[in-house]
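The sequence and model come next.

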Amino acid sequence: MARGARSVALLLMMLGVAARAVSAVSDGPLPNGHFEQRPDASQMNGTRVMSPNAIPHWEISGFVEYLGSGQKQDDMILPVPEGEQAVRLGNDATIRQQLNVIRHTYYSVTFGAARTCAQAERLNVSVTPESGILPIQTVYTSSGWDSYSWAFKAKHSTVWLSIHNPGHEEDPACGPLIDAIAIKALRSPHHVKTDNMLRNGDFEDGPYIFPNTPWGVLVPPIAEDEHSPLPGWLVMSDTKVVKYVDAAHHAVPRGSHAVELVAGRECALLQEVRTVPGRPYKLSFSIGDAGDGCAGHLAVDAYASAAALKVAYESRGAGGSSRAELEFVADADVTRVVFQSGNHHMKPDGTLCGPVIDDVSLVPEHAHTPAARRLRM
Ligand SMILES: *[C@@H]1O[C@H](CO)[C@@H](O)[C@H](O)[C@H]1NC(C)=O
Ligand SMILES: *[C@@H]1O[C@H](CO)[C@@H](O)[C@H](O)[C@H]1NC(C)=O
């Protein structure tokens with residue numbers, strides 16, 4: 001009896017150890033990712049957080065402020081949503097959190113940010129040894145808040161996720177506001193389905209979108225697919241982005257996600273794919289509008305090898321889509337499939353928008369059976 005109880009205890013202990021060893025961070029907000037657990041008043045001076053471990057689950061350095069809604073700065077009300085808390089990263093300030101992750105797994109990070117004083121604010125998001133500089137612009141939503149994404153491949157099972165403001169403004173209290181930080185494990189960027197040569201052609205794999213953010217997630221310029229929060233896809237631009245949208249808040253041609261090309265010709269969404277030179281292929285995709293009021297003569301320019309196609313789409317801003325096809329002959333062993341919005345578009349609230357693309361497929365075309373062969377049969 002006693003022995004039985006002991007072995008049960010031992011078993012439970014072992015299970016506990018095993019559970020702890022594998023309990024990697026799960027998809028969704030990070031612990032205290034909304035900063036809803038506040039620092040103790042004794043560790044604050046006004047809004048400034050004075051001690052490195054004052055904000056539960058986070059470690060800070062530099063000039064970090066902890067702000068609630070309705071807070072003012074130089075008579076300007078900071079755009080912290082009602083009932084929310086946010087941190088502001090001043091000059092050279094960092095917030096970081098240690099995460100248990102699964103080694104060799106790809107993760108995307110989503111966070112909300114709002115620009116404050118400077119015209120060109122930037123954030124350096126990193127998980128050593130990887131880092132990315134994200135331009136923070138507020139041209140995509142009317143609230144002033146946008147959600148940004150970034151991705152990394154876990155080299156270790158314990159990593160530090162850091163968000164750093166490398167800026168040096170005259171006013172130390174300038175710098176972006178940050179709120180709502182989440183993580184999501186991604187499929188490998190090399191994951192392919194059998195019926196489509198493109199990876200993640202349906203955009204179903206991508207960064208975490210908070211259920212209460214109606215404005216999607218921005219995917220910043222990404223030049224290597226290892227670092228893409230949109231597995232398989234690259235974003236080419238100096239500072240502009242594409243927007244990842246969900247069916248919960250947008251019209252999406254199929255499935256639960258799509259991409260809105262919000263930055264006109266200043267940004268391209270592309271994927272590189274292995275092809276056989278001289279072989280014919282067919283690229284097909286859906287073009288539509290996200291049902292978010294982006295009305296007008298929308299258009300998508302698609303390119304593959306030497307072929308190009310302009311697809312026009314009349315949008316009333318209420319959702320809808322159609323299919324388009326581009327046939328081409330590969331001229332190299334790697335072909336770039338590229339999509340761009342034909343123009344800049346704006347919603348009535350002055351924010352940027354554009355056509356939505358979804359369900360991108362690339363398949364080899366079967367060469368027509370030559371007449372001679374048919375005769376022989
Ligand atoms: C709090 O901040 C004010 C203004 O910057 C400064 O004068 C004061 O010395 C600070 N107090 C403490 C306890 O650090
Ligand atoms: C961003 O932060 C990482 C980690 O601290 C650092 O290695 C990298 O040099 C920084 N990048 C820039 C451009 O400052």
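## Largest nonpolar core

The largest nonpolar core has 95 residues, and Tyr107, Val219, Val242, Val259, Leu261 and Ile357 touch the most other members. Strand S15 (residues 177-186) gives the largest share of this core, 7 residues. At least three core residues come from each of domain 1 (23-186) and domain 2 (189-377). A nonpolar core here is a set of buried Ala, Val, Leu, Ile, Met, Phe, Trp, Tyr and Cys residues joined through C-beta atoms within 7 Å. Buried means 20 or more other C-beta atoms within 10 Å of the residue's own, exposed means 12 or fewer, and partly exposed lies in between, with C-beta atoms placed from the backbone. Strands (E, at least two residues) are DSSP runs numbered from the N terminus, and domain bounds come from an automatic or database domain assignment.

Leaving aside neighbours within four places in sequence, Leu261 is in contact with Val242, Leu269, Val300, Phe339, Gln340, Ser341, Gly354, Pro355 and Ile357. Contact means that the C-beta atoms of two residues, placed from the backbone, lie within 7 Å.

## Model and numbering

This is a predicted model, in which local features need pLDDT of at least 70 and side-chain atom pairs count only at pLDDT 80 or more, while totals for chains, interfaces and linings use all residues. Residues are numbered from 1 along each chain as its sequence is written, with chains lettered from A and ligands numbered from 1 in the order in which they are written.

## Thr335 and strand S25

Thr335 lies in strand S25 (residues 334-341). Thr335 is buried because 25 other C-beta atoms lie within 10 Å. Beyond four places in sequence, its contacts are Val273, Thr275, Ala304, Ser305 and Ala330. Gln271 is 64 residues away along the chain, with a C-alpha separation of 8.2 Å from Thr335.

S25 pairs antiparallel with strand S20 (residues 268-274) over 6 bridges; strands pair if DSSP finds at least two bridges between them. Arg274 stands opposite Val334 of S25. Strand S22 (residues 295-304) is joined to S25 by 5 bridges, also antiparallel, and Ala302 has Phe339 as its bridge partner in S25.

## Leu161

Leu161, in strand S14 (residues 158-164), counts as buried because it has 23 C-beta neighbours inside 10 Å. Outside four places in sequence, Leu161 is in contact with Arg96, Gln97, Leu99, Val109 and Val127. The C-alpha atoms of Leu161 and Arg96 are separated by 5.5 Å, at 65 residues apart along the chain.

Conventions:
Helix = DSSP H or I, 4+ residues; strand = E, 2+ residues; numbered from the N terminus.
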